[in-house]
Amino acid sequence: LAVKDPTAVERANLLNMAKLSIKGLIESALSFGRTLDSDYPPLQQFFVVMEHCLKHGLKVRKSFLSYNKTIWGPLELVEKLYPEAEEIAASVRDLPGLKTPLGRARAWLRLALMQKKMADYLRCLIIQRDLLSEFYEYHALMMEEEGAVIVGLLVGLNVIDANLCVKGEDLDSQVGVIDFSVYLKSDDDIGGKERDVQIAAILDQKNYVEELNRQLNSTVSSLHARVDSLEKSNTKLIEELAIAKNNIIKLQEENHQLRSENTLILMKTQHHLEATKVDVEAELQTYKHSRQGLDEMYNEARRQLREESQLRQDMENELVVQVSMKHEIELAMKLLEKDIHEKQDTLIGLRQQLDEVKAINMEMYQKLQVSEDAMKEKNEIIGRLEDKTNQINATMKQLEQRLQQAEKAQMDAEAEDEKLKQEYVNKSESLQKEFSQKEKQLLQLETDLKIEKEWRQTLEDDLQKEKETVSHLKTETQEIINLKKEFLKLQEKNKQLRRICQDQEAALQELASKLSESKLKIEDIKEANKALQGQVWLKDKEATHCKLCEKEFSLSKRKHHCRNCGEIFCNACSDNELPLPSSPKPVRVCDSCHAILIQRCSSNVP
C-alpha cells in the first residue's frame with residue numbers, strides 16, 4: 001500500500017470541514033431568517049474553521065523575542081491587491097481593543113463577511129502565488145487547489161446578511177477549537193445522505209461556475225462601456241476640432257477685413273494728402289495776402305494727424321485681441337493632447353487585461369493536457385486488466401481439461417484399488433477448492449473492470465466539460481481580438497487628428513508671423529510720425545544759408561521750405577520737380593523726404 005502524504009490528508013480534512021461548516025451555516029441561516037449576529041454558534045464555528053484553513057502551512061517568522069506565526073500578514077497584503085479592501089484594513093487598525101495580530105485578522109474576517117466580499121478578497125490573494133510564497137509553505141492549503149475550492153464555496157455566503165459588533169468583542173483571547181459534535185452523524189444517516197453530499201458538491205460547483213460567468217460578463221460589459229466612452233470622446237474631439245477650424249476661419253476673415261480696412265485707410269490718407277497738397281498750392285498763392293489762413297491749415301492738418309494716430313492705436317488694440325485669441329487656441333490644443341494621452345493610458349490598461357485573459361487560457365490548456373495524460377494512463381491500466389482476464393480464462397480452460405483427465409483416471413482406477421480411489425478423491429477436492437478460488441478471483445476482477453469503466457466514463461465527461469470551457473474561452477479571446485482591432489482603428493483616427501492639429505498649428509504660426517510683420521510695419525510708421533512731429537520750421541532770420549550748398553540766400557537764390565521735414569533749400573539745389581494734375585506747373589520736391597517745397601520771401605527782398 002502507498003503511504004499517503006500527511007499534508008494532503010490535512011488539506012482534504014480542512015476542505016471537508018469547510019464544506020460542512022459553510023453548508024450548515026447557509027441552511028441554518030435560511031431557516032433562522034438570514035440576518036445573523038456574533039453569538040450565532042454556526043457562524044462562530046465557521047470563523048474557527050476559516051482560521052484553521054488560513055493557518056495551514058503558515059511559515060514561522062522570527063521576531064526579536066520569539067517566533068511569530070500569524071495570519072494577519074497575508075490578509076494585510078489584500079489591500080495592496082484590491083483597493084476596495086483599504087477601508088476595512090484601516091478600520092481594523094483603528095480599533096482600540098485589538099492588541100495582537102491574530103485579533104486583527106479575526107476582525108478583518110468578520111468585516112469582510114459583513115461586506116459580502118470575502119470570496120473576492122481571498123480570490124485576489126490566491127491568484128498571487130509568488131506573493132503568498134513569502135507567508136506559506138509550498139504544501140499549504142492556500143497554495144494548492146483546495147484554496148480555490150474554498151473560495152468558490154465562500155461565494156454562497158453572499159445570501160447571508162450578518163450584523164456583527166466587532167468593537168466591543170474580545171477577539172485576542174478567543175480559543176479557536178472546532179466542535180465536531182455538530183457535524184457527527186450516525187451510521188444509518190451516512191449511507192442515506194451520501195447522495196445529498198454529492199448533490200451539494202455539484203451545486204457548489206454550479207454556483208462557482210455561475211459566479212465565474214457573472215464576473216466574466218461584468219468584465220465584458222465594462223469593456224463595452226469603455227469602448228463606448230472612447231467613441232464618445234472621439235466624437236467630442238472631432239466636434240472640438242470642427243469648432244477650432246471655424247474659429248480659425250473666422251480669424252482669417254477678420255484678418256482679411258483688417259487688412260482691407262488698413263488698405264482703405266492708407267488710400268484715404270493718400271487721397272487726403274493729395275487733397276491737402278492741392279489745398280496747400282492754393283494757399284501758397286494766397287499766402288502773401290493772409291498768413292492767418294496758412295496757420296489754420298496747419299492746425300487742421302495737425303488735427304487730421306491726431307485722428308490717424310488714434311485709428312492706428314485702435315488697430316494695435318485689435319492686434320492685441322487677436323494675439324490673446326491665439327493663446328486661447330494654443331491652450332485648447334494642449335487640452336486636446338492631454339485627452340489623447342489619457343486615451344493611450346486606457347488602451348494600455350485594456351492590453352494588460354488581454355494579457356491576463358491569455359494567461360488564463362494557457363492555464364486551462366495545461367489542465368486539459370494533464371487530464372489527457374491521466375486518460376492515457378487509465379487506458380493503459382484497462383488494457384493490462386483485460387490481459388489479466390484473458391490469462392485467467394486460459395488457466396480455467398487448462399483446469400477443466402485437467403479435471404476431465406482426473407475423472408477418467410478415477411473411473412479406470414476404481415476397479416484396481418480402493419487406496420488409489422481415496423487419493424484421487426482427495427486430489428479432486430483440492431482441485432475443486434482451487435477452482436472456487438479462481439472463480440472468486442474472476443468475480444473480483446470483473447468488479448474492478450466495471451469500476452475502471454465507470455471511472456473512465458467520468459473522466460470522459462470531465463474532458464468534455466473542459467473542452468467546452470476551452471471553446472468558450474476561445475470565443476471570448478476572439479471577441480477581445482476584435483476589440484483590439486477596433487482600438488487600432490481608433491489609434492489611427494487619433495493619429496489623423498494629431499496631423500490635422502499640427503497643420504492647424506502651422507497655419508496659426510504663419511498667421512502669427514504675418515501679424516508680427518504688420519505690427520513691425522505699424523511701429524515703423526509710428527516712429528516716422530514721431531520723428532516728423534519733433535521738427536519745426538526755422539525762422540527767416542536764422543535761415544540765412546542753403547542746407548545743401550551752404551551759400552547765402554539772395555534774389556537769385558530764393559528760399560524753398562519743406563513743410564514735412566522743415567529743411568530750407570535754395571532754388572538751385574531743389575531742382576527735383578513733380579508734375580501734378582491739379583496744377584498747371586510742376587512742383588518742386590524735397591531731396592530728403594520728397595515732400596512739396598514752399599517758396600518763402602528772402603530777407604533781402606521787401
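Trainee: How do I read burial here, and what percentage of the 606 residues in the chain is buried?

Mentor: Buried means under 20% relative accessible area, exposed over 50%, and partly exposed in between, with a 1.4 Å probe and protein chains only. In this chain, buried residues make up 30% of the 606. Keep in mind that this is a predicted model, where local features need pLDDT of at least 70 and side-chain atom pairs count only at pLDDT 80 or more, while totals for chains, interfaces and linings use all residues. Residues are numbered from 1 along each chain as its sequence is written, and side-chain values use heavy atoms, leaving out hydrogens and water.

Trainee: How many helices and strands does the chain have?

Mentor: Count DSSP runs, numbered from the N terminus: helices are H or I with at least four residues, strands are E with at least two. That gives 13 helices and nine strands.

Trainee: Which residues touch the most other members of the largest nonpolar core?

Mentor: A nonpolar core is a set of buried Ala, Val, Leu, Ile, Met, Phe, Trp, Tyr and Cys residues joined through side-chain atoms within 4.5 Å. Here the largest has 63 residues, and Leu-43, Phe-46, Trp-108, Tyr-136, Leu-154 and Leu-157 touch the most other members. Helices supplying at least two residues each include H1 (6-32), H2 (41-55) and H9 (145-154). Take Leu-157: neighbours within four places in sequence aside, Leu-157 is in contact (heavy atoms within 4.5 Å) with Ile-22, Leu-25, Ile-26, Phe-46 and Leu-113.

Trainee: At what angle do H1 and H9 pack?

Mentor: Axes are lines fitted to C-alpha atoms, for helices over the stretch in contact, and angles run from 0 to 180 degrees between N-to-C directions. For H1 and H9 the angle is about 0°, with the axes 10 Å apart. So H1 is roughly parallel to H9 (under 35 degrees; over 145 is roughly antiparallel, 65 to 115 roughly perpendicular, the rest oblique). Arg-11, Leu-15, Ala-18, Lys-19 and Ile-22 of H1 meet Glu-146, Val-149, Ile-150, Leu-153 and Leu-154 of H9.

Trainee: And where does the angle between H5 and H6 fall, parallel or oblique?

Mentor: The axes of H5 (residues 86-94) and H6 (residues 101-115) cross at roughly 140° and come within 10 Å, so the pair is oblique. Among the contact residues are Ile-88 and Val-92 of H5, and Trp-108 and Leu-111 of H6.

Trainee: What is phi of Lys-116?

Mentor: Most residues other than glycine have a negative phi. Lys-116 has a positive one, near 60°. Lys-116 lies in the loop between H6 and H7 and is partly exposed, at 32% relative accessible area.
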